[in-house]
Amino acid sequence: MLEFSNFEMTDLSLEKQIEWWKAIVHSINDGVLVIDHLGIVRLVNPEYLKITGCTPAMIGKPLKESRPGALLPETLIDQKTRVGVYRKTGDREYVVDMAPITVNNQIIGAVSICKSLTEVHKLNQELKQKGEKLEQLQKKMNSLYQANYTFKQIIGKNRGLKEAVHVAERVAETDLSILITGESGTGKELFAQAIHNESRRKNQPFVPVNCAAIPPSLLESELFGYGDGAFTNAKKGGKIGLFEMANNGTIFLDEIGDMSYDLQAKLLRVLQESKIRRVGETNERRIVVRIIAATHRDLQQLVKKNRFREDLLYRLNVINLHIPPLRERKEDIPELVDSILQSSVTNLELEHVPADYTVDEQTLAFLQSYEWPGNVRELKNMIDYASCMVEGTAIKIEHLPEILTKNRVVSPSLQVNSVDKPLQQAMEEAEKNFIQETIKRFGTGIEEKKKVANALGISLATLYNKLKRHHIDF
Ligand SMILES: Nc1ncnc2c1ncn2[C@@H]1O[C@H](COP(=O)(O)OP(=O)(O)O)[C@@H](O)[C@H]1O
Ligand SMILES: [Mg+2]
């Protein structure tokens, strides 16, 4: 109960005092109506008229006259307080609180306070729209961060591969950190997705991060997000990081061996404390994520060279899965080719490729003799290429990219007897092939030429000379 101290009021004339009280009632943001003990309206404020649509003409008259359904006069009789009574007149909706006014245990009137629901409705509507938008974004995010592969899609009977699948299946359901090692294109991400889809986190996000593809200066804020005004050009309101995106799900830290030494320390802290701090913020946010890391690098070697933190390695390498390179499991090539052809028929919608295609003996023998530096990814690219080239039912050597089949023809063992200087010839051919491979990797163009020269460790001028000598168009 509020007590007013009257020290100032006593200094005022009665008239002034009434004016003062009136001003207070008028400035209240809710509707106020007061009746006296006879049920006559004595006071209304502008908000009341606005909410209910009544007019000032009601003042001085019985409330029942202007509002036949009014409940307030009943308050005079039963002396009860009523809270949150819903009222609707026309399209006006509001809720009313009613209370008797007593002085020295005598009822002298009753007061009604009403709040419009129109505003509440409006807010409710806005909230609903925002909720729908949020749901849409959530759906979009879930579809963006979704793992597609399952263990069923991992093809291979090779012992090493089977062993990796076996361990992966066993640890999928746990929350143990996993480090997947293996050359590029061996299926590391495929394994990570399959593990996620087999875990109880499968309906939560799977967020892949390629630590080698994001510039080191940006990686921290990508991973952990940043606060409002963390740096120039920062988005207003800050930005959520990938760790937060992955909350309750799995984060896949691909090419972890390429992460900077400094950031490794921060990552380790996050893993140990399950808390992240956005760049430029001081408060921490709790994050529950499963970590799967992958690399094609030898992390033990990097530890020796002080380029990878030993403590982080132990934290990530709770379970190690090693995926053998394709050249060590050539027995799996026929089945991989089959499955890739099936999916490329559906993916590329190649109507001219019949479902009962064949890959002839010679081609298969070639595929099994090739070393596959790019592993299954390279095989997949090659088969996809061949399935575009084939016209009949049989995929033959000539449908494969020339660059690879040429490799086969110029392989030194095949050339040994046909030239005078077999080693030099083989080296020349190897150099040509290597340059062509590198060009393939970077593309053609001025900038690309510089990159190629750089990658080969030669000057641009030397590169031009070699291109000329080998008759390579570039
Ligand atoms: N054992 C496998 N069975 C079927 N497809 C595979 C297998 N290993 C790799 N792939 C396919 O090869 C491609 C490269 O795999 P990916 O997981 O991205 O390799 P990595 O992450 O090791 O570079 C993907 O299209 C993947 O589906
Ligand atoms: Mg990968």
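**The ligand site and its setting**

Modeller: The centres of domain 1 and domain 2, taken over C-alpha atoms, are separated by 64 Å. Keep in mind that this is a predicted model. The chain is divided into four parts: domain 1 (18-119), domain 2 (145-324), domain 3 (327-409) and domain 4 (418-469).

Now the ligand. Residues of both domain 2 and domain 3 belong to the shell around ligand 1, so the ligand lies between these two domains. The shell holds 16 residues. Ile155, Gly185, Lys188, Leu190 and Arg377 are the closest. By class, 6 shell residues are nonpolar, 5 are polar and 5 are charged.

Next, the backbone contacts. Lysine 188 places a backbone N or O atom 2.8 Å from an oxygen atom of ligand 1. For leucine 190, a backbone N or O atom is 2.9 Å from a ligand oxygen. Threonine 186 has a polar backbone atom 3.3 Å from an oxygen of ligand 1. How much of the ligand does the protein bury? Taken alone, ligand 1 exposes 560 Å², and the protein buries 88% of that. Two elements give two or more residues each to the shell: helix H7 (188-198) and helix H15 (375-389).

H15 deserves a check of its geometry. The helix has 15 residues, so at 1.5 Å a residue it should span 21 Å. Its end C-alpha atoms are 21 Å apart, which agrees. The buried residues of H15 are Asn375, Val376, Glu378, Leu379, Met382, Ile383, Ala386 and Ser387.

Beyond the site, start with domain 1 (18-119). Threonine 52 belongs to helix H2 (residues 46-52). Its relative accessibility is 6%, so threonine 52 counts as buried. The threonine 52 side chain reaches the backbone oxygen of tyrosine 48 at 2.7 Å. That side chain also reaches the backbone nitrogen of cysteine 54, at 3.3 Å. Aspartate 36 sits in strand E1 (residues 31-36). Aspartate 36 has a relative accessible area of 11%, so this residue is buried. A polar atom of its side chain lies 2.9 Å from the backbone nitrogen of leucine 38.

Two asparagines have backbone angles to inspect. Asparagine 104 has a phi near 50°, a positive value in a residue other than glycine. Asparagine 104 is in the loop between strand E4 (92-103) and strand E5 (106-116). Is asparagine 104 buried or exposed? At 72% relative accessibility, asparagine 104 counts as exposed. Asparagine 248 also has a positive phi, near 75°. Its loop runs between helix H9 (242-245) and strand E8 (250-254). With 40% relative accessibility, asparagine 248 counts as partly exposed. As background, most residues other than glycine have a negative phi.

Last, domain 4 (418-469). Isoleucine 435 lies in helix H18 (residues 422-442). Its relative accessibility is 3%, so isoleucine 435 counts as buried. Isoleucine 435 and isoleucine 472 are 37 residues apart along the chain, and 8.9 Å separate their C-alpha atoms.

Definitions and conventions. Residues numbered from 1 in each chain as written. Chains lettered and ligands numbered in written order. Predicted model: local features only at pLDDT ≥ 70, side-chain atom pairs only at ≥ 80, totals over all residues. Heavy atoms only, no water. Near = heavy atom within 4 Å. Polar contact = N/O pair within 3.5 Å; in protein donor to acceptor, adjacent residues only side chain to side chain. Areas by Shrake-Rupley, 256 points an atom, 1.4 Å probe, with all protein chains shown as cover. Helix = DSSP H or I, 4+ residues; strand = E, 2+ residues; numbered from the N terminus. Nonpolar A, V, L, I, M, F, W, Y, C, P; charged D, E, K, R; others polar. Domains from an automatic or database assignment. Expected span 1.5 Å × (residues − 1). Buried < 20%, exposed > 50% of the residue type's maximum accessible area, 1.4 Å probe, protein only.
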